[in-house]
Amino acid sequence: MVTGVGGGSGITQQYIKNSTGEDDATLFRKFKELVLATKITDRQSKEQIFESYVNIISFGRNTHGPAAAAQAYFGKQLADISWSEAAFLAGMLQAPYGHDPATVGPEQAARRWAYAADKLAERGYVSPADRSGMAYPQVLDPDETRAGRTSYSDYHIRQQVLTELEARGWPLERLRREGLTVRLTLDRDAQNRAERAVRDRLAGEPAELRAAVVSVRPGDGGVTAYAGGNWGVTDYAVTPRRPGSAFRPIVQLAEFRARADDPPVVTGPKIRQAAYDAGIPEFLDGARTLTAPDGVRIASTIAEGTYRLRPLDLAGVFATFASGGLRVAPHFVAELRRGDEVVWRQDTTPVPALPREAALLAGGVPGEYGTSDAWMAGASSSMATLAWVGGDEERPRADRDGVPLTGATLPSDIWREVMSPELSTR
């Protein structure tokens, strides 16, 4: 009531808001919503209200209601889906675009599915034995990409944009209802260079190779180039990979900080905290990053880059280094407009996160990194770029000439192409 923003709505109020299209942050709208919710509660059971709500809510992929979602994700009639598939759809309700494997990758989507499947067993809808026999379902490619209306690369960007806006209270249906225009942070020239570099440099290379490129503006956090791959629904820019030696700059940051400690020892928690401060998200879909599966322990091998990280997040870390320790979370949306009126603008106020000397030391020169995945990362004062090349399985690889894949080979070539205007002016 004081701020006019935030949560607090039950399912009935959410149903009214979505069905009427009224979601202004005003006390009058909230009072009207409460009155209508009271009337509906008197006349319908909770099951009926929830059914009505589910039938109008978004499930992502331009769908509303579980029947459309069953077709979009599984190509089935709603009556034909399994309990496993039902758990997947139930898990989508919280953030449809934020839980789609086409947006966040299969690992994160599977964690959300497991959470919903466990709830089915806890609530008695399936037996413990049936739950133990459930497996993550086979999710189809997005309908719109199969129909060929857009490239996979464009689709990945669109999904990231919708996920970001949904998390900030601007779901797709609201954007359409209010006739809003979304202005992105992407730079057309940088985007074209990124897609061209991946396409041209991997032409003729082993078909198993995949690549991703992310560029972020230091001090601002705007994503200026984003190429998650054109090989299918998987977005490799947000698929977690073992960074290996690409994690070394973060370890250097922890070492710099440890100089003031007594004794000056670098521990796993110190390394993890340095990563969080530099820009690695502490949580992804409810799971803590840079932590053992139990959510508590930190393996000593953290310094070796054994914990998987997303290329998007690592690009943000190098942007933090390039800005002298000022951090802004990477984002795709600059502002929303209704005609000439700006109705929402991204807050790009930088947060002082790292000592300037430590940040410049850690990201001072471009780094060529290689494990079973190969990385190249570095920045100018105006653009930080990370290029990754690897495959769907983590194992040593080579290029078409049999040269082992390292950061100094294919990723370095891609990085230089994307950064070419920046390098020519230095």
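**Figure 1. Tyr 136 and the aromatic residues around Phe 88.** At 28% relative accessibility, Tyr 136 counts as partly exposed in this predicted model. Phe 88, by contrast, is buried, with a relative accessibility of 3%. In total, nine aromatic pairs are counted. One of them joins Phe 74 and Phe 88 in an edge-to-face arrangement, with 5.6 Å from centre to centre and 75° between the planes. Phe 74 belongs to helix H4 (residues 66–74) and Phe 88 to helix H5 (residues 83–92), so this pair ties together parts that are 14 residues apart in sequence. Phe 74 and Phe 88 are both buried. Phe 88 also forms an edge-to-face pair with Tyr 136, at 6.2 Å centre to centre and 65° between the planes. Because Phe 88 lies in helix H5 and Tyr 136 in the loop between helix H9 (128–132) and helix H10 (143–146), that pair ties together parts 48 residues apart in sequence. Ring pairs link Tyr 73, Phe 74, Phe 88, Trp 113 and Tyr 136 into a cluster.

**Figure 2. Helix H4 and the residue that follows it.** The buried residues in H4 are Pro 66, Ala 69, Ala 70, Ala 72, Tyr 73 and Phe 74. An α-helix has 3.6 residues a turn, so residues three or four places apart point the same way. After H4 comes Gly 75, which has a positive phi, near 65°.

**Figure 3. A charged end over the ring of Trp 170.** The residue placed over this ring is Arg 174. Its charged end sits 3.8 Å from the centre of the ring of Trp 170.

**Figure 4. The largest nonpolar core and the surroundings of Phe 247.** The largest nonpolar core has 54 residues, and those with the most contacts inside it are Tyr 226, Phe 247, Leu 290 and Phe 321. Helix H16 (residues 311–322) supplies the largest share of this core, seven residues. In soluble globular proteins, nonpolar side chains tend to be buried together. Apart from neighbours within four places in sequence, Phe 247 is in contact with Ile 271, Ala 275, Leu 290, Ile 302, Ala 303, Gly 305 and Leu 309.

**Figure 5. Thr 239 in its loop.** Thr 239 is placed in the loop between strand E5 (223–227) and helix H14 (248–258). With a relative accessible area of 10%, Thr 239 is buried. The side chain of Thr 239 reaches the backbone oxygen of Asp 235 at 2.7 Å. When residues up to four places away in sequence are not counted, Thr 239 touches Thr 234, Leu 309, Arg 310 and Pro 311.

Figure 6. Pro 218 is found in the loop between strand E4 (210–216) and E5. This proline counts as buried because its relative accessibility, 11%, is under 20%. The C-alpha atom of Pro 218 is separated by 8.2 Å from that of Gly 316, although the two residues are 98 residues apart along the chain. Leaving aside neighbours within four places in sequence, Pro 218 is in contact with Ala 319, Ala 322, Ser 323, Ser 380, Ser 381, Ser 382, Met 383 and Ala 384.

**Figure 7. Glu 335 and its two arginine partners, Arg 183 and Arg 345.** Side chains of opposite charge can pair when their charged atoms come close. The count of salt bridges in the model comes to 28. In the salt bridge between Arg 183 and Glu 335, the closest N and O atoms are 3.1 Å apart. Arg 183 lies in strand E3 (residues 181–184) and Glu 335 in strand E9 (residues 333–338), so the pair ties together parts that are 152 residues apart in sequence. Arg 183 is partly exposed, with a relative accessible area of 44%, whereas Glu 335 is buried at 2% relative accessibility. Glu 335 also meets Arg 345 in a salt bridge, at 3.1 Å from N to O. This pair links Glu 335 in strand E9 with Arg 345 in strand E10 (residues 341–345), ten residues apart. At 53% relative accessibility, Arg 345 counts as exposed.

Figure 8. The side chains of Glu 393 and Arg 395 meet in a salt bridge, with 3.8 Å from N to O. Glu 393 is exposed at 54% relative accessibility, while Arg 395 is partly exposed at 33%.

Terms used. Residues are numbered from 1 along each chain as its sequence is written. This is a predicted model: local features need pLDDT of at least 70, side-chain atom pairs count only at pLDDT 80 or more; totals for chains, interfaces and linings use all residues. Side-chain values use heavy atoms; hydrogens and water are left out. Helices (H or I, at least four residues) and strands (E, at least two) are DSSP runs, numbered from the N terminus. Buried means under 20% relative accessible area, exposed over 50%, partly exposed in between (1.4 Å probe, protein chains only). A polar contact is a pair of N or O atoms within 3.5 Å; within protein, one must be able to donate a hydrogen and the other to accept it, and residues adjacent in sequence count only if both atoms are side-chain atoms. Contact means heavy atoms within 4.5 Å. A nonpolar core is a set of buried Ala, Val, Leu, Ile, Met, Phe, Trp, Tyr and Cys residues joined through side-chain atoms within 4.5 Å. Rings of Phe, Tyr and Trp (its six-membered ring) pair if their centres lie within 6.5 Å; planes under 30 degrees apart count as stacked, over 60 as edge-to-face and the rest as tilted. A charge sits over a ring if NZ of Lys or CZ of Arg is within 6 Å of the ring centre and within 35 degrees of the ring normal. A salt bridge is a side-chain nitrogen of Lys or Arg within 4 Å of a carboxyl oxygen of Asp or Glu.
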